[in-house]
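Subject: Structure handover

Hello,

Here is the structure I promised to pass on. My notes follow below it.

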Amino acid sequence: MALNTGVMVEKEEANRTLRILFRKGLVRKDLKIIYNGTKVIIPVKSAESIVHATTVQADFEERKNRISPQDLISMELEKLRVSTTIHDNWIRFGDALVIKESIWKNPDKILLETVARKMGLKTIYLDRGIKSGCRRTPSVSRILGPGGEVTHRENGIIYTFDPEKVMFSPGNVNARISEGRRDYSGMIILDMFAGIGYFSLHIAKFSGNNTVFSCEINPDSYHFLNRNVDLNSLQDSVIPLLGDCRSVAPAIKADYILMGHFQCLDYLVTAILRSKIGTIINFHVLVPTDRLDRYHYEIQSHARSLGCVLDFMDQYVVKSFGPHMWHISVKMRVSNLLL
Ligand SMILES: C[S@@+](CC[C@H](N)C(=O)[O-])C[C@H]1O[C@@H](n2cnc3c(N)ncnc32)[C@H](O)[C@@H]1O
């Protein structure tokens, strides 16, 4: 029998004590709490800083498979006598992990190697944020392991990409899913800023039989867009086009136009020239809180100055984009063209 340290409290005090212990990072999540009549025994890492509590030794049952990677890493580091804080703020893509420099600062080698070993990773990247510029290339560098392409599965789509070369935003996942849930059967779709296929692939795979023209200016992203079209067997629906959408978008009249780029209003003429009455245009814009109630009038007025009348359809917040700033997806229908 292996005895471990626990804190024994009355049942009524259990929740409050647990909250305090959690806040102090003292709860052992690998062991189960013991409920015994009116007493509750909470397994703890150390009882030193717990005042007014009865410390006991008890035979706790192990919580099999319920240990988070973060705890596994902490335990391993404790064994190695390395004292450091583990953040669980990471994004996993297959056998690679991307951590944010703003949170992890300068992680040392032992920490990185432990994280990799415990999580079964090959490569760890440090993300310094998106570089500015229209191609939105990531400022990600490899800090452990061989690097290279990763494979990521998300809601039935397989993506492959190199995190050092192209961006992948997990925060937009709901936007991608919601696109895939709509019925675009028989439609001609123009994705003006396709990236590695975030929206194009969802629409081609889940929104009925349609044709998606996918423009991408960045050769690296275009390379992975093609790979992803093949990986998902969507060659009959998605047509990747390399170059600036203003020149490579074909002279079609699209039913649906996606503009997944915050500077999309600069490209409105291109969209309008590929529109007909009834075309739906999906804008992705950054809007400060104090303009949320009127930014769509600004889009409409800009479109009208270009000879296009847009009716507001719907909008939703994709995600918060820093203090008082929102990433908004808004759909408008072309109701008149005065060209
Ligand atoms: C922010 S990413 C958006 C990707 C995807 N639509 C999304 O919302 O997740 C913008 C993509 O548009 C591409 N891009 C930027 N300017 C472009 C242009 N003029 N023509 C075609 N693609 C462009 C960038 O290289 C990048 O891959």
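Which residue in β17 does Y316 stand opposite? Y316 stands opposite S329.

First, the ground rules. This is a predicted model, in which local features need pLDDT of at least 70 and side-chain atom pairs count only at pLDDT 80 or more, while totals for chains, interfaces and linings use all residues. Residues are numbered from 1 along each chain as its sequence is written.

Overall build

The protein chain has 10 helices and 17 strands. Both are DSSP runs numbered from the N terminus: helices are H or I with at least four residues, strands are E with at least two. The chain is divided into domain 1 (4-58), domain 2 (69-148) and domain 3 (171-337). Those bounds come from an automatic or database domain assignment. The centres of domain 1 and domain 3, taken over C-alpha atoms, are separated by 53 Å.

The C-alpha atoms fill a box of roughly 80 × 45 × 35 Å along the principal axes. The radius of gyration is 26 Å, whereas a compact globule of 339 residues would have one near 20 Å. That radius is taken over C-alpha atoms, and the globule rule is 2.2 Å times the number of residues to the power 0.38.

The four-strand sheet

Four strands form an open sheet in the order β2-β3-β1-β4, with antiparallel pairing. Two strands pair if DSSP finds at least two bridges between them. The edges are β2 (34-36) and β4 (54-58); each has a single partner strand, so one side of each is left without a neighbour in the sheet. On average, neighbouring strands here are turned by 30° against each other, direction ignored. Axes are lines fitted to C-alpha atoms, for helices over the stretch in contact, and angles run from 0 to 180 degrees between N-to-C directions. Strand β1 (residues 4-10) pairs with β4 over five bridges. Within β4, A58 is the residue opposite N4.

A hairpin

Strand β5 (residues 90-93) and strand β6 (residues 96-100) are antiparallel, with four bridges. I91 faces V98 in β6 as its opposite residue. Two residues lie between the strands of this hairpin, and G94 takes a positive phi near 60°.

The seven-strand sheet

The order is β13-β12-β11-β14-β15-β17-β16, in an open sheet with mixed pairing. β13 (238-242) and β16 (308-320) stand at the edges, and each has a single partner strand, so one side of each lacks a neighbour in the sheet. From one strand to the next, the twist averages 20°.

Helix α6 (residues 198-206) packs on this sheet and touches β11 (188-191), β12 (211-216), β13 and β14 (256-259). The direction of α6 makes about 170° with that of β12. Contact between two residues means that their C-beta atoms, placed from the backbone, lie within 7 Å. Helix α7 (residues 219-231) lies across β12 and β13, at about 165° to β13.

Strand β15 (residues 280-288) runs antiparallel to strand β17 (residues 325-337), joined by nine bridges. I281 has M332 in β17 as its bridge partner. N282 has K331. On to β16 and β17: they pair in the antiparallel sense over 11 bridges. Their hairpin has four residues between the strands, and G322 takes a positive phi near 90° there.

The ligand

How many residues surround the ligand? There are 19, and the closest are F193, G195, I217, N218 and G260. A residue counts as near if its C-beta atom, placed from the backbone, lies within 6 Å. The elements that give two or more residues to this shell are α6 and β12. Domain 2 and domain 3 each supply at least three residues.

By type, the shell has seven nonpolar, eight polar and four charged residues. Here Ala, Val, Leu, Ile, Met, Phe, Trp, Tyr, Cys and Pro count as nonpolar, Asp, Glu, Lys and Arg as charged, and the others, Gly among them, as polar.

Best wishes
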